[in-house]
Amino acid sequence: MTRNTSRIAIIGGGLSGLYTAYLLELRGFANYQIFEARSRLGGRIDGFSLAGADMSDANSSDRFDLGPTWYWPQMQPAFAQVIAELGLESFAQYDQGDMLFERSQSSPPMRMSGYRNELLTMRLVGGMSALIAALQEKIPADKICYQQQVQAIALANDEVTLQLASGAIAHVDQVIIAAPPRLIASTVSFQPALPNQLQQAWLATDTWMAPHAKFLAVFPTAFWREQGLSGSARSNIGPMVEIHDASLPNGKAALFGFVGYPAEARRQLGAEQLQQQCQAQLLRLFGPLAATVEGFELKDWAQDPLTATVTDSSGQAAHPQPPSYFVADGPWQHKLFGAGSEWSTNYPGYLAGCIEAAEQALLKVAWL
Ligand SMILES: Cc1cc2nc3c(=O)[nH]c(=O)nc-3n(C[C@H](O)[C@H](O)[C@H](O)COP(=O)(O)OP(=O)(O)OC[C@H]3O[C@@H](n4cnc5c(N)ncnc54)[C@H](O)[C@@H]3O)c2cc1C
């Protein structure tokens, strides 16, 4: 079999793009380039540290997740295998103690015992950013182009031309899209146009968690644990509807919550008001020690144009039905492949989906 001598462009430096590059490196394939629109890697994996924490240390114990937090090794063994292969340290989500429940404005929070994660739910030391840092180490620095948003992709005479927002142009033979299908179908123009059915399927694919926002608060100690609380809470009042312990082993303590207000309501309220309401909710739930907060962050993914589109912001985002990750016929056949998580057959939208989507895309990129 002839070895692939194509020039390959990977669009997106999130987990899918980096894992695709890692697989290419493992196979000794060097003729590729990652084009990432942001000035950082990770995409939906993003970390928060208190001012002064050392973010350059991949194993920093004070880096908290603003995006994904968990994986479930029993359901996602291949993902757990990658974590092990990369030598990353993991630990179980803290769920010992009572959960709090805010039923209504008129009644105080109730303590509820016996709520444990049904499935083993794991986190990474250093947050999910540690996974990005570990993959980055395996990829030569000159393979990654930052702040290079792909705006247009054109095919002529068997060559693919990428038009970048910077004004630069790149010529390649094959393109692997490691970004959400809806985002790409909405923001990148294709010449010739993608087959209509494929374009519609990509546009119809919800970007997992894109409509959501996370609030994170860091504390000197996990004072709730000393009160027999797990740090988990559910609320009918909000703004946060679901809260969890986000503390890191041997690091700072933290709580995070998913904001329940819809994206448009959050936008109208504004970040400052929303943060105040989240802090007030933590005081209401966890008592006066919640005032010892050392730092907090709100990440609204619906307002991140490199994750969410207007369609995502107005919806709830179900786990997507994966659309086709390759073009079955016409000029784009053998030229364009989808490797973002939403294209994964079995775990669309999840971190585990990034691994599967990268592997299934590379199986289609001939001769590798
Ligand atoms: C709040 C939140 C919580 C989550 N929790 C979990 C969890 O606990 N467990 C779990 O399994 N999953 C979770 N997820 C989902 C998980 O984050 C995603 O499955 C995963 O990060 C997707 O990675 P990706 O590389 O496919 O896409 P992305 O991370 O979206 O990366 C795409 C990259 O492409 C770049 N890009 C976009 N357009 C262009 C362009 N035109 N040109 C160049 N670059 C471009 C973007 O900047 C980005 O870096 C969560 C997501 C969010 C937002």
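These notebook entries record what I looked up on a sheet, a loop residue and a ligand shell.

**Basis.** I worked from a predicted model, in which local features need pLDDT of at least 70, side-chain atom pairs count only at pLDDT 80 or more, and totals for chains, interfaces and linings use all residues. Residues are numbered from 1 along each chain as its sequence is written.

**Sheet.** I traced an open sheet of seven strands in the order β7-β6-β16-β17-β18-β15-β19, with mixed pairing. Strands are DSSP runs of E with at least two residues, helices runs of H or I with at least four, numbered from the N terminus; two strands pair if DSSP finds at least two bridges between them. I noted that β15 (residues 213-219) and β18 (residues 253-259) run antiparallel and are joined by six bridges. F219 has A253 as its bridge partner in β18.

**Loop residue.** I located A291 in the loop between α8 and β19. Is A291 buried or exposed? I recorded A291 as exposed because 11 other C-beta atoms lie within 10 Å (exposed: 12 or fewer; buried: 20 or more; partly exposed in between; C-beta atoms placed from the backbone). From A291 to A280 I read 9.1 Å, C-alpha to C-alpha, at eleven residues apart in sequence.

**Ligand shell.** I listed 42 residues around the ligand, of which G12, G14, G43, P68 and M209 come nearest (near: C-beta atom, placed from the backbone, within 6 Å). Helices α1 (15-26), α4 (181-187) and α10 (351-364) each supply at least two shell residues. The most come from α10, with four residues.
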